[in-house]
Amino acid sequence: MYVRRLEMRKKLTRTGNSLALVLDRELLEQLGIEAETPLELSTDGRVLVVSPVRTKRRDARLKEVMERAHSRYAGVFRKLAE
């Protein structure tokens, strides 16, 4: 299955005494992240990784939706990729 790779540069936004990373809708939709989705943050000391915490049920549902969209729109996706 083909997933479009998104690359972007972002600046942190001051929110009170903290800094926030604002994520674009396209990225959130691609990852299936909503406002209430718990996120996991990890680092190797150089790179910050932000990923959604997923239950097995949520993973299965997301996979099903993605497979359905791919089978339904595979031709369109191919043309868009060209």
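**Figure 1. D24 is partly exposed, at 34% relative accessibility.** Buried stands for under 20% relative accessible area, exposed for over 50%, and partly exposed for what lies in between (1.4 Å probe, protein chains only). The model is a predicted one, in which local features need pLDDT of at least 70 and side-chain atom pairs count only at pLDDT 80 or more, while totals for chains, interfaces and linings use all residues. Residues are numbered from 1 along each chain as its sequence is written, and side-chain values use heavy atoms, without hydrogens and water. The side chain of D24 forms a salt bridge (Lys or Arg side-chain nitrogen within 4 Å of an Asp or Glu carboxyl oxygen) with K10, and the closest N and O atoms of the pair are 2.8 Å apart. The helices (H or I, at least four residues) and strands (E, at least two) are DSSP runs numbered from the N terminus. Like D24, which has 34%, K10 counts as partly exposed, with a relative accessibility of 37%.

**Figure 2. A salt bridge joins the side chains of E64 and R68.** The N to O distance in this pair is 3.0 Å. E64 and R68 belong to helix α2, which covers residues 56–81. Because they are four residues apart in that helix, about one helical turn separates them. E64 is partly exposed, its relative accessible area being 47%. R68 is also partly exposed, at 48% relative accessibility. The count of salt bridges comes to two.

**Figure 3. T37 lies in the loop between α1 and β3 (39–43).** With a relative accessible area of 11%, T37 is buried. Its contacts (heavy atoms within 4.5 Å) beyond the neighbours within four places in sequence are with G32, P52 and R58. For comparison with the whole chain, buried residues make up 7% of the 82 residues in the protein.

**Figure 4. L39, L41, L48 and V50 make a nonpolar surface patch.** The patch has an area of about 360 Å². Patch residues have over 30% relative accessible area and no salt bridge; like charges are joined within 9 Å, and nonpolar side chains (Val, Leu, Ile, Met, Phe, Trp, Tyr) within 5 Å. Strands β3 and β4 (48–52) each contribute at least two residues to this patch. L48, one of the patch residues, is located in strand β4. The relative accessible area of L48 is 53%, which means that L48 is exposed.

**Figure 5. K11 and L12 are found in the segment before β1.** K11 is exposed, with a relative accessible area of 75%. Along the chain, K11 and R25 are 14 residues apart, and their C-alpha atoms are separated by 16 Å. L12 also counts as exposed, at 54% relative accessibility. Leaving out neighbours within four places in sequence, the contacts of L12 are with L19, A20 and L21. Between the C-alpha atoms of L12 and V53 the separation is 22 Å, with the two residues 41 positions apart along the chain.

**Figure 6. The protein as a whole has two helices and four strands.** Read along the sequence, these elements follow the pattern β-β-α-β-β-α. Taken along the principal axes, the box filled by the C-alpha atoms is roughly 45 × 30 × 25 Å. The radius of gyration (over C-alpha atoms; globule rule of 2.2 Å times the number of residues to the power 0.38) is 16 Å, whereas a compact globule of 82 residues would have a value near 12 Å. Among contacts with a separation of 6 or more, 16% are between residues 24 or more positions apart. The accessible surface (Shrake-Rupley method, 1.4 Å probe; for residues, only the protein chains shown count as cover) comes to about 7,900 Å². Carbon and sulfur atoms account for 52% of that surface.
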